[in-house]
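This report examines a ligand site and several local features of the protein shown here.

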Amino acid sequence: MLPVAFFDTKSYDRQSFMAAPDADSIDWRWHEFRLGSETLAASEGVRAVCVFVNDKLDRPVLAALAAAGVKHVALRCAGFNNVDLNAARELGLTVTRVPAYSPHAVAEHTVALLQTLNRKIHRAYNRVREQNFSLKGLVGFDLCGKTVGIAGTGKIGRIVAKIFRGYDAKVIAYDPFPDAAWAAANGVEYVAFDALLARSDIVSLHLPLTPETHHLLNAGTIARMKPGAYVVNTSRGKLIDTTALIQHLKTGRLGGVALDVYEEEEGLFFEDHSGEILQDDELNLLLSFANVLITSHQAFLTQEALRAIAAVTVDNIHRLERGEAPLPGTGL
Ligand code: NAD
């Protein structure tokens, strides 16, 4: 049996991985804690580690993994900003990810979040349960005729664009690598980033976190947005400067903010902290605003996505063990 250490295990991970084809020939070592410098001991004697978005694979951790005989770091997510890829390469570790498990899962959650916030479904749900049938404060807006700005027209951004087009919204987009044929076929107009900020009633982020995109939305760029505009972020928390976001929420410059990711989510999201005193003042503030809606990085969480993540990851673990290349597009 091939030993694999699985970090940050949740019950749904375990279920989907155990059900994946050929998963029973793996000796899974399930760990609920994340991989980092303090938990390295859990990877002793394994050939591969399976990790998620908040495991920390910096150079010292990767060096220790390589020294312990680990050959493969299998990310069960699309993003890889938590792995020092240069160090991994130098240390001879193969890093794989699951680039496209279900872009629909994330895209559909994006629009669900925006519409929940816009139509105040979360507030209405609580009210009606308390037999408060008043509509006061529940006024939303039609998406039809609004301008939606999609930053990043990759796999997820394109589906989000199509869904918004289905609402008869005008969709404009910015991407450093625009696809004119796709835009023409889907009634989307590519514009410069500044024009996207100035024209959009809703700005939705669908780009990776890199040194260039860190704090893409900051005090300066948010100030160039249309007054009353909404921001949706289901990509990575650090794309937004939270302090600037809060400032613009307090002045009323932003109409609403829907987040599935948060700048300082590491160590908070994916876990139950109810009953504790939350020490993150900015998150406390965001949670107190009626026009902010936050989910804890759950956009990927559909049955289809979990099945696809498990199938690709298990296949790659076997492939690398047999000395074969990873599945096309999954190697980093
Ligand atoms: P993708 O690689 O298919 O597309 C990313 C697009 O962003 C590309 O077209 C690229 O050219 C573009 N881009 C790069 N830099 C840009 C910039 N400065 N401005 C505008 N566009 C830029 O990626 P994807 O699969 O569509 O994923 C998008 C994001 O969603 C990633 O950040 C990923 O980490 C995140 N994600 C979140 C969840 C979740 O559960 N919340 C799940 C999966 C992916």
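The residues of the shell around the ligand divide into ten nonpolar, eight polar and four charged. The structure is a predicted model. In total, 22 residues surround the ligand, and the closest are Lys155, Ile156, Asp175, Leu207 and Thr234.

| Residue | Protein atom | Ligand atom | Distance |
|---|---|---|---|
| Gly154 | polar backbone atom | oxygen | 3.5 Å |
| Thr234 | polar backbone atom | nitrogen | 2.9 Å |
| Ser235 | polar side-chain atom | oxygen | 3.5 Å |

On its own, the ligand has 880 Å² of accessible area, of which the protein covers 83%.

Asn233 belongs to strand S10, which spans residues 229-233. Is this residue buried or exposed? Asn233 has a relative accessible area of 0% and is buried. A polar atom of the Asn233 side chain lies 2.8 Å from the backbone nitrogen of Ser235, and Ser235 in turn places a polar side-chain atom 3.5 Å from an oxygen atom of the ligand. With residues up to four places away in sequence left out, Asn233 touches Leu205, Leu239, Ile240, Ala258, Leu259, Asp260 and Val261.

Helix H10 covers residues 242-250. Within H10, the buried residues are Thr242, Ala244, Leu245, Ile246, His248 and Leu249. After H10 comes Gly252, with a positive phi near 85°.

Helix H2, residues 59-67, has Val61, Leu62 and Leu65 as its buried residues. Seen down the helix axis, the buried residues of H2 fall within an arc of 95°, so they line one face of the helix. The face turned away from this buried side carries the exposed residues Pro60 and Ala67. The cover over the buried residues of H2 includes strand S3 (48-51), strand S4 (72-75) and helix H3 (85-90). Just after H2, Gly69 adopts a positive phi of about 95°.

Positive phi values also occur in residues other than glycine. Which backbone angle marks Gln131? Although Gln131 is not a glycine, its phi is positive, at about 60°. Gln131 lies in the loop that runs between helix H5 (121-129) and strand S6 (147-151). The relative accessibility of Gln131 is 65%, and the threshold for an exposed residue is over 50%; Gln131 therefore counts as exposed.

His215, likewise a residue other than glycine, has a positive phi near 55°. His215 is found in the loop between strand S9 (202-205) and helix H9.

To return to the ligand, Thr234 is among the closest residues and provides a polar backbone atom 2.9 Å from a ligand nitrogen. Asn233, at the end of S10, has its side chain 2.8 Å from the backbone nitrogen of Ser235.

Conventions. Residues are numbered from 1 along each chain as its sequence is written. This is a predicted model: local features need pLDDT of at least 70, side-chain atom pairs count only at pLDDT 80 or more; totals for chains, interfaces and linings use all residues. Side-chain values use heavy atoms; hydrogens and water are left out. A residue is near a molecule or strand if one of its heavy atoms lies within 4 Å of it. A polar contact is a pair of N or O atoms within 3.5 Å; within protein, one must be able to donate a hydrogen and the other to accept it, and residues adjacent in sequence count only if both atoms are side-chain atoms. Accessible areas come from the Shrake-Rupley method with a 1.4 Å probe; for residues, only the protein chains shown count as cover. Ala, Val, Leu, Ile, Met, Phe, Trp, Tyr, Cys and Pro count as nonpolar, Asp, Glu, Lys and Arg as charged, and the others, Gly among them, as polar. Buried means under 20% relative accessible area, exposed over 50%, partly exposed in between (1.4 Å probe, protein chains only). Helices (H or I, at least four residues) and strands (E, at least two) are DSSP runs, numbered from the N terminus. The arc is that of the directions from the helix axis to the C-beta atoms. Contact means heavy atoms within 4.5 Å.
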